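Trainee: Please take one part of this model and go through it closely. I would like the loop and its surroundings treated together.

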Amino acid sequence: MAAGLQENLSLVVKASNHINEEDFFNEVLSIAKVLMPHKNPAHLVIENPKITGKLISVEEPVFRNIEELTNIMAAEQQTIDQEIRYRAGLREVRTMESILAKTSDTADVQIKTGGVYLISGGAGGLGLIFAQYISKTRGTKLILTGRSESLSPAQQKAVARLGNATYHHCDISDAVAVNELVKNILAEHKKLDGIIHSAGVIRDSLIIYKTVAEVKQVFAAKIKGTRNLDLATKDLALDFMVSCSSVAGVNGNAGQSDYAAANAWIDNYAYYRENERLQGRRQGKTLSINWPLWKDGGMQLDAESETYMELHFG
């Protein structure tokens, strides 16, 4: 297929056999590093405006038709759209649109009296913000998780102040550990009503300096964690599963190619899981929230990066 496209388009075409997200990302990263000037500390697209990217999604019959696929790729070279899909003979472009903060769908995501809720990254700044909010509802129980085997004195006090929370050491990138965690929750509480996935790490560095180890760490909590939490609870009667994504997953961000990719993956996984729910194969509303910067909690930027974001995005 790649050879045929290369001949038809008179372009260099590389095919990837990777189905693992991390391996695929690292392969694309290695190609980008070759294309980028090694001493230019600028932004792929954001880090270097001379390099552009485009995602084109086609259905299986089109993918196997070399002539039709050639025509699509040739036409897309002339467009500025970045994310396109061809479905049922129609060309669709992904765009953003405004929605009302309060819609009828919000009724599907409610904290209820006596509910049991799991918050990954629950002892972190963002996780504790969610925990404090949920604790306002009478009779709720909170299970907070994190990679640390023990909490700092400040974290211990914060968890104790909640009055309804317990902390569990659990690496959510470990499927066995997540399954055991869910098993223990059900044994103690007999149910689990909702999940907030707020765990995550950042390992900021420009593409030309990005390492495989950094990508692995960023992808672990975001991608493996999301999938593990979903699969471990796929047969439970959840009310919701909410993932904390980032605007970096939509707009990208200099120095955060891995973090942006991982959050974009979470957004698309939420779409997948919600479709599974609509087909009766999951329970509980699925949401992925592309948070901007938080004054307290969440991922923090240095002063220079924060100033850049304010100047360019308001």
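Mentor: Start with Ala88, which lies in the loop between S2 and S3. The model is predicted. Ala88 has a positive phi of about 55°, although it is not a glycine. Ala88 counts as exposed because its relative accessibility is 66%, and the cut-off for exposed is over 50%.

Now the strands on either side of that loop. S2 and S3 belong to an open sheet of 3 strands, in the order S1-S2-S3, with mixed pairing. Its edge strands are S1 (55–57) and S3 (90–93), each of which pairs on one side only. From one strand to the next, the twist averages 20°. Strand S2 covers residues 83–87 and runs parallel to S1, to which 3 bridges join it. Within S2, Ile84 is the bridge partner of Ile56. Helix H4 (residues 66–76) packs on this sheet and touches S1, S2 and S3. The direction of H4 makes about 150° with that of S2.

Lys190, in the loop between helix H7 (175–189) and strand S7 (194–197), is not a glycine and has a positive phi, near 70°. With a relative accessible area of 67%, Lys190 is exposed.

To return to the loop between S2 and S3: Ala88 lies there, with its positive phi of about 55° and a relative accessibility of 66%.

Note on methods
Residues are numbered from 1 along each chain as its sequence is written. This is a predicted model: local features need pLDDT of at least 70, side-chain atom pairs count only at pLDDT 80 or more; totals for chains, interfaces and linings use all residues. Side-chain values use heavy atoms; hydrogens and water are left out. Two strands pair if DSSP finds at least two bridges between them. Helices (H or I, at least four residues) and strands (E, at least two) are DSSP runs, numbered from the N terminus. Axes are lines fitted to C-alpha atoms, for helices over the stretch in contact, and angles run from 0 to 180 degrees between N-to-C directions. Contact means heavy atoms within 4.5 Å. Buried means under 20% relative accessible area, exposed over 50%, partly exposed in between (1.4 Å probe, protein chains only).
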